[in-house]
Amino acid sequence: MNAQIQNVLENIEKVMIGKREVAELSIVALLARGHVLLEDVPGVGKTMMVRALAKSFDAQFKRIQFTPDLLPSDVVGISIYNPKTMEFEFRPGPIMGDVVLADEINRTSPKTQSALLEGMEEASVTIDGNTLMINQPFFVMATQNPIEHEGTYPLPEAQLDRFLLKIKMGYPSRGQEVEILRRAENGKAIEKIEAVLSVAQLIELQELVQGVHVKDSVKNYMVELATLTRENNYVYLGVSPRATIALMKASQAYAFLKGRSYVTPDDVQYLVPFVFSHRLVLKPDARYDNVTADEIIQRIIAKTPVPTKRFAEQ
Amino acid sequence: MKQSLGEFLELAIAYVIVFFILREWLIPIMQLTNTGGMHLFLVFIGMSLALSLFRVHPLLSGLVKFGYITWFIVFTYSPSPVLSGDTIPFLLAEWKGNMTTILTGDFGQVSDVFRTVLFLVLIWMLVYLIHHWVSVRKNIFYFFAMTVFFIATLDTFSDYDGKAAIVKVVVLGLIMTGVLFVKRLWLQVETTSTVMEKWKIVIPMLVSVLLVSSVAFFLPKTGPTWADPVPFIQGVTGKDGKGNGQKSVGYSQDDSQLGGPFQGDNTLIFTASSRDRHYWRIETKDTYTSKGWIVSEGNFGKNVYESNTPILTSLQVGPPENERQIQLDIAVPMPFLIQTYGMLSVSAQDSTLFIQDEQTERMNIEQQVGESKSLSNYSLSYSEPVYSMEQLQLSYPATLETMDSSFDRFLQLPNQLPQRVKDLASEITQKKDTVYEQIKAVESYFRTNGFKYDKTQAAIPAENQDYVDQFLFDTKVGYCDNFSTSMVVLLRSVGIPARWVKGFAPGTAGPMSDGLREYRITNDNAHSWVEAFIPGTGWMEFEPTIGFTGNVNIDYDIPLDTSDEEEVLQPEQKPEQPQPQEQVTEKEQTESTFSFDAMWLWMKKFAYVWVIIVVLLIITGISLFLQRKTWIPKMHVRAYRKKVADWSNFDSSYHVLLKQLSRIGLRRNDGETLSAFAERVDAALETDEMQKLTVVYEQHIYGKDKEDVDFVKLKESWEYLINRTIS
């Protein structure tokens, strides 16, 4: 385990109890310069997680609560006429933060959604014909309520593709929940945690992650996994090459997090469900047969031969 | 350890079965040794079993058994009642007497009382052993198998009839084995078993044992597929011997009554220092009486030789340039000369006369004519005869017709010689073209027709029985006299002149020094063999006695030995020569007309050899295959110990390990990563070495830069894992 990241994780664990995996995956996404879609019910600590992460890096934290009447300008910012200077002045929206929590992203209109997603993908926003770059690090953690509400706008597949990972938070165990209560008695722990890494250091780490070695055999393995999602009988639309790239980047980040300078098939296997599951479009048959995307992915993993030789056999 | 009632009952049942099996052991012993009081022995067995069943303290149990043994002895052997005043003195006297016998080494002389005690102690030990088998090892199969073997053996070789016993033992033994197997099974699964569950296994087992046994019992059975071994075995153990007199091996002059067993006697007769082995010839006899050998009547001259004068015999001598010396040291004085083949002259110290009897060719040693004496040492000069094979092959049977009448005494046969002996002789010699081949056929007849060499089994012919006929057709067991006499008679039956030669076999050779060996000739070496006359060649010696191989070099190495130095040697001079020659021509023929058929015929000739080889190969192959998870890794370990510890060897060794793991059932699934597999392996083998290895291996195959690795440690881990998979 990388020592610096270990510090971050410990820092996060001061406020998040029993969410080590979510924390790790969030950092993986952060290191891979990707974004995370958190799918879970409200109140399980999504905001806390993002805030703790942001504070650990001494990064700017912004939060957007998506509502049906939210406009794109509420996300990216707006130019307002300043009577004093007689000019339009740009007021950056919350997306211009380092770490952004986009809460309940599926409750807003597709128009607003796409404003956010474009910003995520391009790391820039276009306002009044001007393109503004968003400063690195730029990390968006969007949450989505899985319960089907009236008046939600489910994200289209193409949009989901822009999230590096989809993570489920899950409820804490009983013991963990008791511990949460105990900490809640002592006031807000989140105020107490301090930065352990600077933004500059984070960017440095992101650079290092790109240098994590991926053997051709492992690349082949990833491609094989992706290909099999496209050939699966239950799958209407398999994952895109963008997903394969995402898988590789995430694997690199994960290997880095684990303190390794190379990616192993274990990293790949671990990350595939988080990278692929929200990108698959299943056929109706799957629903009839009660097969989920995760199950399909597990099946694919089980039958894809892991490269165990020094040289890839092709 | 506290036993439950159920366990106790199980053990009790097992012991009851053991009791009955032991009873089957006891019955034949009692029957065959004429021992009475079987019920007393049974009580002892029962008591011993009960004591170990109830887990009586060993000390107490020992005391009880000891008490019973004492009571048993006194009750059975002492004239006075138990616990009377005489008991202790009786026991003490027995003890003292037997101890003395044992200490003096007279094991055969111990009294019945002592034997009984020993037998009871043996039973005691046996019961202890069975207790161990039943309650600790929970495996009674050896005992069961031994019982079956024991009863089967006794049934076959003794008067004991084990027909019923063997069925009983098999049924009981199978049940016992089954019950104990269930017990073992139960221990392995470690479940809290209810009695009912156990019965669910035991009852079908019982049913199948009974079913199998009864089916086997009622099935029709064929008779034995091979001959009853009893006569043969009895022959070996000496029950069937018709002879009753013991004879001592050794040289005697009276041969008129041959037969009967011999007792060994290794008294040294003489030693001889010689370069070659020799048959030590003393005399010949010409008249067969159908009981033995005597000397024929008639006028024969006597020749007198002095020391160092050339001696003439009817035998051949070798070329004079091959003359050699033999020094003889006589241990037991004999009034006659020990001659050898190719003898030229004798040299003795003082003035001695050697009187040769032309009839027997025996040479008496005499001081003056009529005054016999014996010498303590003398030397013989000899040149070993070389027989020309060419000559031998020219010995056509027709030439026998033209022999002069002086050979008649070598063709003598008793009038009452059974016709079947003559028929046999014709049969043996029928297809042979030369006299020499005929003789060789007779000589080798004994080696292939079920004859057996045995000094103690030779029978003495009955009143109106022929010695040779009895040996050839009835007993087929005997020693040199039987073989040599029979050969002479067979040869004479087909008109080949032959005589019976007496003397000594070559004896035991000592180490070679200065080109000479010392041969020690004892009474046991007293021997008889055959000389036959071959037209064109003359008299030649033959050795029909089988079993004389081994320490005695009997046959025709005499001409073979000289052949090396024989410069003027003709290629076909040696008697041994024809066979190789024939083979060569045969080979040439096969080569010239090589075809599949010839090949096939040749293979067919040795069909059984091929079958055996193939079967052995298959068995070896199968067992190697079945054992592969043991020997393959061992070979790998050995191989990799020698190899340099580097990345490429590490890589291949890791794959070897994966393969070996899959052999023992730890197979990596396709989609399973190495580290996940390693974790599984370590869990199964209770180590963490596999993960250590795998981390390095993964770095090797997925990483970019190679880091420094402690290969020695990895090798240790690897060997450890391999060894774990074997054990």
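1. **Ground rules.** Residues are numbered from 1 along each chain as its sequence is written, while chains are lettered from A and ligands numbered from 1 in the order in which they are written. Because the model is predicted, local features need pLDDT of at least 70 and side-chain atom pairs count only at pLDDT 80 or more, whereas totals for chains, interfaces and linings use all residues.

2. **The sheet of chain A.** Let's start with an open sheet of five strands in chain A, ordered β2-β5-β8-β1-β9 with parallel pairing. Helices (H or I, at least four residues) and strands (E, at least two) are DSSP runs, numbered from the N terminus; two strands pair if DSSP finds at least two bridges between them. At the edges sit β2 (61-65) and β9 (165-168) of chain A, each pairing on one side only. On average, neighbouring strands of this sheet are turned by 20 degrees against each other, direction ignored. Strands of a sheet pair through backbone hydrogen bonds, either parallel or antiparallel.

3. **A closer look inside that sheet.** Four bridges link strands β5 (residues 99-103) and β8 (residues 139-144) of chain A in the parallel sense. One place to look is A:Val99, whose bridge partner in β8(A) is A:Phe139. Helix α2 (residues 20-31) of chain A lies across β1 (36-39), β8 and β9 of chain A, and runs at about 165 degrees to β9(A). Axes here are lines fitted to C-alpha atoms, for helices over the stretch in contact, and angles run from 0 to 180 degrees between N-to-C directions.

4. **Where the chains meet.** The contact between the chains takes 19 residues from chain A and 15 residues from chain B; two residues are in contact if their C-beta atoms, placed from the backbone, lie within 7 Å. On the chain B side, α21 (674-685) and α22 (689-702) each supply at least two residues, and α22(B) gives the most, with four residues. By class, this side of chain B has four nonpolar, six polar and five charged residues. Ala, Val, Leu, Ile, Met, Phe, Trp, Tyr, Cys and Pro count as nonpolar, Asp, Glu, Lys and Arg as charged, and the others, Gly among them, as polar.

5. **Chain B overall.** Chain B has 23 helices and 20 strands. Of its 727 residues, 30% count as buried (20 or more other C-beta atoms within 10 Å of a residue's own; exposed means 12 or fewer, partly exposed lies in between, and C-beta atoms are placed from the backbone). Among contacts in chain B between residues at least 6 apart in sequence, 72% join residues at least 24 apart.

6. **Record and model.** An unreviewed UniProt entry places the feature "transmembrane region" at several spans of chain B, including residues 36-56 and 113-133. UniProt positions are given in the numbering used here, feature names are shortened, and annotations may be inferred rather than shown by experiment. In the model, residues 36-56 of chain B are 76% helix and 0% strand, with end C-alpha atoms 30 Å apart. Residues 113-133 of chain B are 100% helix and 0% strand, and their end C-alpha atoms lie 30 Å apart.

7. **An enclosed strand.** Why is strand β3 (residues 268-274) of chain B largely enclosed by the rest of the structure? Five of the seven residues of β3(B) are buried, so the strand is largely enclosed. Six bridges join β3(B) to the antiparallel strand β18 (residues 516-522) of chain B, where B:Ser273 stands opposite B:Glu518. Four bridges join β3(B) to strand β8 (residues 324-330) of chain B, also in the antiparallel sense, and there B:Ala272 stands opposite B:Leu328.

8. **Two helices side by side.** The axes of helices α19 (residues 628-642) and α20 (residues 647-663) of chain B come within 10 Å and cross at roughly 170 degrees. The two helices are therefore roughly antiparallel (angles over 145 degrees; under 35 is roughly parallel, 65 to 115 roughly perpendicular and the rest oblique). Among the residues that meet are B:Ile632 and B:His636 in α19(B) and B:Ser653 and B:Val656 in α20(B). This contact has four nonpolar, four polar and three charged residues.

9. **Two loop residues to check.** Most residues other than glycine have a negative phi. A:Met86 has a positive phi, near 60 degrees, and is found in the loop between β3 (77-82) and β4 (87-92) of chain A. Is A:Met86 buried or exposed? A:Met86 is exposed, with 7 other C-beta atoms within 10 Å. B:Asn308 also has a positive phi, near 65 degrees; this residue is in the loop between β7 and β8 of chain B and counts as exposed, with 11 C-beta neighbours inside 10 Å.
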